[in-house]
Amino acid sequence: MKDWLQYEKQKYPSVKPLYWVYPITEGDAIWRWQRRLRVTEYYHNSGKKILYYISFVMLKRLSLKYGINIGVNCCGVGLQIMHVGSILLNNNVRCGRDCAFHINTAIVAGGTDDYAPVIGNNVVLGIGSTVLGNTYLADSIAVGAGAVVNKPFFESNIAVAGVPAKKVSNNGRSEWNKSRQ
């Protein structure tokens, strides 16, 4: 748990020393929530039931306060939430490492079945994007703002956008990160 927290805290460099008492910045609030998520996962996975239930209640209170609803053990190490606001992940979703979610994103089961999406490593979901049903997103895919993904994408390092989503570019998150440097 400590290694995960150390790795993830690097994604929020502006976190202030007393973030758990009174979060001043948006990064403080997100880190407060994310740290509670990881502590809750630790208690759940190590079988400490009483500490898990206490931590779970604290997590749910923060989830209601900040609008971030991500289930326990859904995301791998390196989770990054870009903004405080509506983020919803079905409890059956599985996300790889180093995924990033912008505000108003949803990864949910589609329709009447219980199949939830599987998200690869290093995927970024743009503002207002939605991933539905029994879909798969390969590694390093960038999902455009407002996109609705309702079919699987097995090609890695591409950009998808639109309603319904389709491949729009060969420049996925890996290429996007290189252009920002």
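Arg38 and Glu41 are both buried (under 20% relative accessible area, with exposed meaning over 50% and partly exposed in between; 1.4 Å probe, protein chains only). The two residues form a salt bridge whose closest N and O atoms are 2.8 Å apart, a salt bridge being a side-chain nitrogen of Lys or Arg within 4 Å of a carboxyl oxygen of Asp or Glu. Because they are 3 residues apart in helix α2, Arg38 and Glu41 are separated by about one helical turn; helices (H or I, at least four residues) and strands (E, at least two) are DSSP runs numbered from the N terminus.

The structure is a predicted model, in which local features need pLDDT of at least 70 and side-chain atom pairs count only at pLDDT 80 or more, while totals for chains, interfaces and linings use all residues. Residues are numbered from 1 along each chain as its sequence is written, and side-chain values use heavy atoms, with hydrogens and water left out.

The count of salt bridges comes to 5. One of them joins Asp98 and Lys11 at 3.4 Å, N to O. This pair links distant parts of the chain, 87 residues apart: Asp98 lies in the loop between β4 (94-95) and β5 (100-101), and Lys11 in the loop between α1 (2-9) and α2 (26-45). Asp98 is buried at 15% relative accessibility, whereas Lys11 is partly exposed at 22%.

Phe154 is located in the loop between β12 (148-149) and β13 (159-161) and is exposed, at 63% relative accessibility. With residues up to four places away in sequence not counted, Phe154 touches Tyr136 and Ala138 (contact: heavy atoms within 4.5 Å). The C-alpha atoms of Phe154 and Ala138 are 5.1 Å apart, at a sequence separation of 16 residues.
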